[in-house]
Amino acid sequence: MVSALLFPIHVLLIGLAFPLGWLDAPDYESLRSLVIHPITRLYLFVFIFFPLFHWAHRFRYTIYDLFQIKHGAQQPIAFLCYGAALLGTIFAAYTLLAIA
Amino acid sequence: MSVQTGSPSGPPELYHRPMSFWWWLQKRAYFNFILRELTCVFVGVFAVITILQIRALSQGPDAYAEFINRLRTPGFILFNTVGLAALLFHAITWFKAVPTTMIVRFGGTRVPDQVIAGLHYVGWMVVSVVVAWILLLR
């Protein structure tokens, strides 16, 4: 849901329109003051947390389907996927709390 | 001493019809399914890029300028172009599926599929305009 609704506009602006100079990117200070606002931090946490688990869940099942993984080998793949998403979430939470 | 093996008292041995690794190339629907599921890889990478951008922002103007310069390299532009296409494919196929998965009744009648899908598109546009407005007003 977050990935479908929010990611396209973010990638269009931050990934293409700003780097290619189609639109003027916000400068460092104004972007920093935007990001340190508590509501923005919460927004960014959701913006990272949900999609990381979206990736973990779908990637896990795509690996199962694509490589026809049977029951015995499924568990380590699930562990790696959700583990990576959890690590990313903790790193995101730390980064968002540490920024000042 | 007796050892129980197989049927009739043991569990039946299951027969698995061998399936080619290329099963997802055998029908267009299978291929679209795998393609759609693989868009999650871009979702994951973009989430990580966002974390790194916030980190660069927290490390000061120089670190941030370096990050922004990296986004300008052809490799990133190409990756973001393909990634944006994947995200749009994911979003549009999701909005297409939503009327099937979300049945809404209003005053005893089922809300038509076009209305459900249409409201999702409207919501998507509104959210996108708000995000763009906040970032461009800075």
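Residues are numbered from 1 along each chain as its sequence is written, while chains are lettered from A and ligands numbered from 1 in the order in which they are written. In this predicted model, local features need pLDDT of at least 70 and side-chain atom pairs count only at pLDDT 80 or more, whereas totals for chains, interfaces and linings use all residues.

**View 1. Chain A has 4 helices and 0 strands.** Helices (H or I, at least four residues) and strands (E, at least two) are DSSP runs, numbered from the N terminus. The elements of chain A run α-α-α-α from the N terminus on. The C-alpha trace of chain A spans about 50 × 30 × 20 Å along its principal axes. Of the 100 residues in chain A, 27% are buried. A residue is buried if 20 or more other C-beta atoms lie within 10 Å of its own, exposed if 12 or fewer, and partly exposed in between, with C-beta atoms placed from the backbone. Among the contacts in chain A with a separation of 6 or more, 71% are between residues 24 or more positions apart. Two residues are in contact if their C-beta atoms, placed from the backbone, lie within 7 Å.

**View 2. Chain B has 4 helices and 2 strands.** Along the sequence, the pattern of chain B is α-α-α-β-β-α. The C-alpha atoms of chain B fill a box of roughly 80 × 50 × 30 Å, taken along the principal axes. Buried residues are 17% of the 138 residues in chain B. Of the contacts in chain B with a separation of 6 or more, 34% come from residues 24 or more positions apart.

**View 3. Chain A and chain B meet through 42 residues from chain A and 40 residues from chain B.** On the side of chain A that touches chain B, the elements giving two or more residues are helix 1, helix 2 (28-35), helix 3 (38-67) and helix 4 (71-98) of chain A. Helix 1 of chain A gives the most to this side, with 13 residues. By class, the side of chain A that touches chain B has 31 nonpolar, 9 polar and 2 charged residues. Ala, Val, Leu, Ile, Met, Phe, Trp, Tyr, Cys and Pro count as nonpolar, Asp, Glu, Lys and Arg as charged, and the others, Gly among them, as polar.

**View 4. Helix 1 (residues 2-17) of chain A packs with helix 3 (residues 74-101) of chain B at an angle of about 160°, their axes 9 Å apart.** Helix 1 of chain A is therefore roughly antiparallel to helix 3 of chain B. Angles under 35 degrees count as roughly parallel, over 145 as roughly antiparallel, 65 to 115 as roughly perpendicular and the rest as oblique. Axes are lines fitted to C-alpha atoms, for helices over the stretch in contact, and angles run from 0 to 180 degrees between N-to-C directions. Residues of helix 1 of chain A in this contact include Phe7(A), Val11(A) and Leu12(A), and those of helix 3 of chain B include Leu84(B), Leu87(B) and Trp94(B). The contact of these two helices has 12 nonpolar, 6 polar and no charged residues.

**View 5. Helix 3 of chain A and helix 1 (residues 28-58) of chain B pack at an angle of about 145°, with axes 8 Å apart.** Among the residues that meet here are Phe47(A), Trp55(A) and Arg58(A) in helix 3 of chain A, and Glu37(B), Val41(B) and Ile51(B) in helix 1 of chain B. The contact of helix 3 of chain A with helix 1 of chain B has 16 nonpolar, 4 polar and 2 charged residues.

**View 6. Gln68(A) lies in the loop between helix 3 and helix 4 of chain A.** Phi of Gln68(A) is near 50°, a positive value in a residue other than glycine. Gln68(A) is partly exposed, because 13 other C-beta atoms lie within 10 Å.

**View 7. Gln74(A) is in helix 4 of chain A.** With 14 other C-beta atoms within 10 Å, Gln74(A) is partly exposed. Leaving out residues up to four places away in sequence, Gln74(A) touches Tyr64(A) and Ile69(A). Gln74(A) and Thr62(A) are 12 residues apart in sequence, and their C-alpha atoms are 11 Å apart in space.
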